[in-house]
Each structure stands twice: as C-alpha cells, then as structure tokens.
Amino acid sequence: MSDTAEKLRRALADTVRSTDWRKALEEVPRELFVGDAVLLRTDRGDLWAAARRTGMSEDDWLALVYTDETWVTQVDGVLAEDAADTVTGSPSSSSTTPSLVVRMLEAAGISEGDRVLEIGTGTGYSTALMCHRLGEGAVTSVEYDPAVAERARKAITAAGYAPALVVGDGLHGYPGNAPYDRLIGTCSVRTIPPAWMDQVRAGGTITTPMWGWMGGVAFAHLTVTGDGTASGRFLEDDLYFMRARSHLPPPRPPVKTGIGDARESRINPATLDNEAALWVAQLAAPAAQRASAGDAAILLDVATGSRADTRPNAGGGWTVHQHGPVRLWDAVEDAILLWLDAGSPHQSAFGLTATRDRQYVWLGEPGGPSWDLPA
Ligand SMILES: C[S@@+](CC[C@H](N)C(=O)[O-])C[C@H]1O[C@@H](n2cnc3c(N)ncnc32)[C@H](O)[C@@H]1O
C-alpha cells in the first residue's frame with residue numbers, strides 16, 4: 001500500500017473526526033471501492049463525464065479518491081468503468097461521502113457486538129468499514145443491482161473481508177441471517193418495509209433516510225418492539241442517500257396547467273421550498289409528484305390523474321386550479337397551515353409508528369396530528 005494513500009486516509013479520518021470509526025477510516029483503502037473511474041456531474045445536470053484513473057497521475061487519482069465527497073460510480077445502470085466519455089441520466093450507485101457514511105453509522109448507534117443488515121451495498125465501502133469494526137461475520141449487505149453487487153464483492157474481497165453479500169431487493173431484507181441488532185438503509189425509502197421490522201430483534205433499531213415522491217426527506221431512527229411494530233422520532237441530522245430503486249415514483253407525463261376549478265390559495269406555494277414544509281406537504285399528498293412550468297407550481301398524482309397547479313395572480317396572491325378525484329392542494333394547504341401554526345418545526349419534531357397494518361407520521365407525540373404513509 002502506498003505511503004500517499006496511507007497519509008490521505010489519515011487526513012480523511014482527521015476530516016471525519018469520529019473516535020469510534022477512526023481506525024476503520026485509517027485502514028480501509030477507499031481506492032479499492034472507488035475503482036478505476038467515476039462519473040462527474042457537468043454543467044448540464046443530467047450529463048456526466050467519466051474521470052479515469054488512467055487519465056491522471058496516481059497521486060491525483062488518490063487525492064480524488066480520498067476527498068470527502070460522493071463519487072458516482074453508476075448512472076442509469078451504466079458503470080463508470082464501462083461508460084463512454086459522457087453518459088446521460090441520474091446516479092444509480094455511488095461511494096457516498098465518507099463523513100456522511102460515518103454519520104449514518106453513528107446515528108444508528110452501531111458498536112462492537114452488533115449484527116447489522118445494510119440495505120444498498122453500493123461500492124461496498126461502508127460494508128467494509130463495518131467489517132473492520134464489527135468483524136465480517138456480523139455484517140450482511142444487500143444490493144439490488146447485480147453488476148454493482150459483483151463490483152462490490154470483488155472490492156470487499158480485495159480488502160480482505162467476507163461478509164454476507166446478497167443480491168436482491170433490500171426491501172425484503174435478508175431473513176437468512178436474522179435477527180439483526182441494527183438495520184441501516186443506505187438508500188432512501190418511502191415507507192418502512194414490513195420485512196425489516198420482522199428481521200430486527202425486539203429492542204433493535206432501523207435507521208434509514210426516507211424520501212417520498214414529492215421530494216420530501218426525513219431521517220428515521222426507529223426502535224423495533226418485536227410484534228412487527230417499530231416507532232421513533234426523526235433525527236435532527238439532514239441526511240439522505242439516493243432513493244431505493246423499488247420505491248421510485250412512476251414516470252411523470254407532461255402536465256397541462258390551469259385545468260379544473262379555481263380559487264385563491266391559502267398558502268404561498270414557495271413555502272414548499274423549505275425542506276420541512278415539503279416533507280409535511282408530502283405527508284398530506286404522498287402520491288403526488290412536484291413539478292414546475294414557468295411560474296406555475298404543479299402537483300401531479302399519476303395513479304389517479306389528480307393534479308393541482310398554482311400561479312401568481314394580479315391580486316398579489318396565488319390562484320390554484322385543482323382537477324381529479326384527489327384534492328391535492330386542499331390536503332397540502334391543511335397540513336402546511338397546521339405546520340405553520342406549530343411554529344414551522346423541523347422534521348425532528350415528527351415521529352413514525354409502523355405496524356403491520358398501518359404506518360403513520362405524527363407531530364409532537366404519537367397521539368398528535370398524524371398522516372398515514374402509503375400502503
Ligand atoms: C448511495 S449507494 C450506497 C452507498 C454505499 N453503502 C456506500 O458505501 O457509500 C445506494 C445503493 O443502493 C442500491 N439500492 C437501491 N435500491 C435498492 C434496493 N431496493 N435494495 C438494495 N439496494 C438498493 C443502489 O443500487 C446503490 O448501489
């Protein structure tokens with residue numbers, strides 16, 4: 001192993017500043033996981049340019065690898081190593097910013113003796129950090145994409161670890177090694193998969209970012225009670241990973257605006273630019289996706305064809321048009337007004353209770369105002 005890499009690992013550990021994970025950061029070679037190429041975002045947001053190890057000096061490549069950044073390793077199913085010079089699409093796998101990975105591991109309270117199920121192996125770097133600290137026998141990781149999983153398996157093996165690596169939909173967990181003490185989602189979910197609650201022991205925890213179809217995010221940390229139920233408050237840390245592939249929204253067709261009945265909006269649509277407000281709006285209309293066209297802010301529920309759009313009007317307010325069976329804006333307004341009334345709190349003022357029959361997010365306490373998550 002090169003001296004440069006060793007120095008850079010120490011520098012990365014200095015940046016991350018975690019007592020518990022320091023040794024793992026100093027000793028797990030991230031270059032094995034980042035591989036031979038990454039995809040860099042260009043000025044045109046959906047266009048990615050390949051940066052290859054062979055295209056720069058070894059020192060420059062290692063400097064890139066050990067920057068505390070997310071390196072995208074796959075865009076829309078094309079691995080960076082197999083990509084042409086440019087590729088179009090959205091990231092579908094990455095080596096997440098190491099400090100963010102460590103924040104996740106710390107938020108989950110993972111420590112020696114824990115058996116962990118990780119959802120979203122990705123490059124395998126976070127899997128290897130856990131193998132370093134907990135021992136490979138304590139770690140199971142599930143990856144949806146077979147090519148990503150194979151790439152991770154090679155990197156983890158090269159690093160000298162042999163955890164249980166599973167290829168499949170992590171929303172089913174992996175019953176083979178259950179029960180787990182800790183489950184972490186390194187991809188974001190829309191609801192808590194019931195299998196997770198069955199596979200974590202009573203008193204164990206599920207820590208996962210949630211990311212719904214409107215774009216609202218919150219970081220869940222739930223304690224499992226053992227009867228298929230889990231409950232807990234959202235964390236203060238604003239942390240999220242890319243969305244779980246099986247929880248992605250359906251494709252959104254182009255939307256015509258100004259259709260349906262019209263009235264004055266009771267809220268400023270720009271309120272939804274606030275992350276906590278967007279989370280609340282999404283609770284009220286979980287099947288809706290958000291879009292814009294010119295000065296129109298649009299909500300669209302693809303399944304029912306319900307839509308709402310708002311536009312500034314001559315009176316200095318906003319006119320909302322609504323169409324379809326679900327009154328999307330009515331629901332969003334009610335929730336936002338309640339949230340404003342409560343003092344516009346962060347997502348950490350909310351909590352989630354998930355049972356076999358129902359998952360609901362509450363404000364304040366479990367008996368407070370609540371919204372059901374989609375089944
Ligand atoms: C942000 S990356 C993982 C980060 C990784 N743990 C690391 O070391 O930085 C998210 C990964 O989740 C995977 N993924 C998405 N949906 C999934 C699902 N339903 N089950 C398992 N893995 C999934 C993606 O293919 C991607 O590789």
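Let's start at the ligand. Of the 27 residues around it, the nearest are Ser-93, Ser-126, Glu-143, Gly-170 and Arg-245. Here a residue is near a molecule if one of its heavy atoms lies within 4 Å of that molecule.

A word on the source. This is a predicted model, where local features need pLDDT of at least 70, side-chain atom pairs count only at pLDDT 80 or more, and totals for chains, interfaces and linings use all residues. Residues are numbered from 1 along each chain as its sequence is written, and side-chain values use heavy atoms, with hydrogens and water left out.

Now the polar contacts, meaning pairs of N or O atoms within 3.5 Å; within protein, one must be able to donate a hydrogen and the other to accept it, and residues adjacent in sequence count only if both atoms are side-chain atoms. The side chain of Ser-93 has an N or O atom 2.7 Å from an oxygen atom of the ligand. Ser-126 also uses its side chain: an N or O atom there is 2.8 Å from a nitrogen atom of the ligand. Tyr-144 uses its backbone, with an N or O atom 3.2 Å from a ligand nitrogen.

How much of the ligand does the protein bury? Alone, the ligand exposes 600 Å², and the protein buries 99% of that. Those areas come from the Shrake-Rupley method with a 1.4 Å probe; for residues, only the protein chains shown count as cover.

Which elements build the shell? Strand E6 (91-95), strand E7 (116-119), helix H6 (125-134) and strand E8 (139-143) each give two or more residues. E6 has the largest share, four residues. Helices (H or I, at least four residues) and strands (E, at least two) are DSSP runs, numbered from the N terminus. By class, the shell has nine nonpolar, 14 polar and four charged residues. Nonpolar means Ala, Val, Leu, Ile, Met, Phe, Trp, Tyr, Cys and Pro; charged means Asp, Glu, Lys and Arg; the others, Gly among them, are polar.

Next, where does the ligand sit? In the largest pocket. To sit there, more than half of its atoms must lie within 2 Å of the pocket's grid points. The search uses a 1 Å grid over the protein atoms alone: a cavity is a set of points where a 1.4 Å probe fits but cannot get out, a pocket is an open set with protein on both sides within 12 Å along at least five of seven lines, and lining residues have an atom within 4 Å of a point.

The largest pocket holds about 960 Å³ of space. Grid points are joined across faces, edges and corners, and a volume is the space filled by probe spheres set on the points. Its lining has 45 residues, with Pro-91, Ser-92, Phe-241, Met-242 and Arg-243 closest to the centre. E6 again gives the most, here five residues. The lining splits into 21 nonpolar, 18 polar and six charged residues.

The second largest pocket has about 230 Å³. Among its 14 lining residues, Thr-191, Pro-194, Gln-359, Pro-374 and Ala-375 are closest to its centre.

Last, the cavities. The whole structure has four of 30 Å³ or more. Helix H9 (275-284) and strand E11 (200-211) each give two or more residues; H9 gives the most, three. The second largest cavity has about 50 Å³, and strand E12 (residues 217-224) gives the most to its lining, with three residues.
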